[in-house]
Amino acid sequence: MEISQTLLGLMFSISVATGGFLGFVYDVFRFARVLFSTDRPKMGSKRGRVIRSVSALVIFFEDLVFSLICGVALLLLTYYTNDGQLRGLALLGVAAGGFVYFNTIGKLTLRLFPWLARETRKITVAVLKLLALPFLLLKAAYLATLGRTIKVLRARLAQIKDEKYTAKVISDYRLRATDGFGLADLYKSTEAKEAEGEVELGQKAL
């Protein structure tokens, strides 16, 4: 199908813009990696192996999502600019747009990402602290009033429980002391055995 030079130029321009857009999408994923990166532990440690495995899995899914986005972008590009027919000019335009992006804005963002990630973390921490401030104030008020009362009551209940246990132990010892700690029964049983032995001896003598 013949296509006019104007439409070819428009298709190439849209292709270049699509390549730049895909470069921007890739930068979003790249910034996410920098933002959530942490100081890596020693390579041989167990925690280091786990972090490397998780990082590799996350990168795999990021690359998979980026590939899907690129595929959808190319399908939409060919569908709306050339009735679904793929032209080499469109692929060349996408490649040119990506090349221009990564060699201009991409270089700038690559240098800015570490600083931007640090500032984003600081702002995020400050916002979270600000949001958590009312809850911290409520916690402090609770600990200063109701929490302290509950703590005192718990301590008093524990003391009462200990006192009851101590009184029970003392009562048991008193009962055992009154009974001679079982020595009287032992003495009685010994006397009974001796009496039975004397009876048996008397029976044998008879």
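Modeller: Let's start with the overall layout: this predicted model has six helices and zero strands, so to speak an α-α-α-α-α-α pattern when you read along the sequence. Of its 206 residues, 17% count as buried. If you take contacts between residues at least 6 apart in sequence, 79% of them join residues at least 24 apart.

Now to the part you asked about, beginning with the rings. The structure holds six aromatic pairs. In one of them, the ring centres of Phe29 and Phe66 sit 6.4 Å apart with the planes at 80°, so this pair is edge-to-face. Phe29 belongs to helix H1 (residues 5-35) and Phe66 to helix H2 (residues 46-82), so the pair ties together parts that are 37 residues apart in sequence. Phe66 is buried, since its relative accessible area is 18% and the cut-off for buried is under 20%. Another edge-to-face pair is Tyr101 with Phe102, at 5.7 Å centre to centre and 85° between the planes. Tyr101 is buried at 9% relative accessibility, whereas Phe102 is partly exposed at 31%. Ring pairs link these residues up: Tyr26, Phe29, Phe66, Tyr101 and Phe102 make a cluster.

Two of those rings turn up again in the core. The largest nonpolar core has nine residues, namely Leu22, Val25, Phe29, Phe66, Cys70, Ala73, Leu77, Ala90 and Val94. H1, H2 and helix H3 (88-102) are the elements that give two or more residues to this core, and H2 has the largest share with four residues. Take Leu77 as an example: leaving aside its neighbours within four places in sequence, Leu77 is in contact with Ile14, Ser15, Thr18, Asn82, Ala90 and Val94.

Phe21, which is found in helix H1, is partly exposed with a relative accessible area of 46%.

Charged side chains come into this part too. A search of the whole structure finds four salt bridges. In one, Arg30 pairs with Asp27, and the closest N and O atoms are 2.4 Å apart. Arg30 and Asp27 are three residues apart in helix H1, so about one helical turn separates them. Both partners are tucked away by the numbers: Arg30 is buried at 18% relative accessible area, and Asp27 is buried at 4%.

Another salt bridge joins Arg33 and Asp63, with 3.0 Å between the closest N and O atoms. Here Arg33 lies in helix H1 and Asp63 in helix H2, so the pair ties together parts that are 30 residues apart in sequence. Arg33 is partly exposed at 29% relative accessibility, and Asp63 is partly exposed at 35%.

Definitions and conventions:
Residues are numbered from 1 along each chain as its sequence is written. This is a predicted model: local features need pLDDT of at least 70, side-chain atom pairs count only at pLDDT 80 or more; totals for chains, interfaces and linings use all residues. Side-chain values use heavy atoms; hydrogens and water are left out. Buried means under 20% relative accessible area, exposed over 50%, partly exposed in between (1.4 Å probe, protein chains only). Contact means heavy atoms within 4.5 Å. Rings of Phe, Tyr and Trp (its six-membered ring) pair if their centres lie within 6.5 Å; planes under 30 degrees apart count as stacked, over 60 as edge-to-face and the rest as tilted. A nonpolar core is a set of buried Ala, Val, Leu, Ile, Met, Phe, Trp, Tyr and Cys residues joined through side-chain atoms within 4.5 Å.
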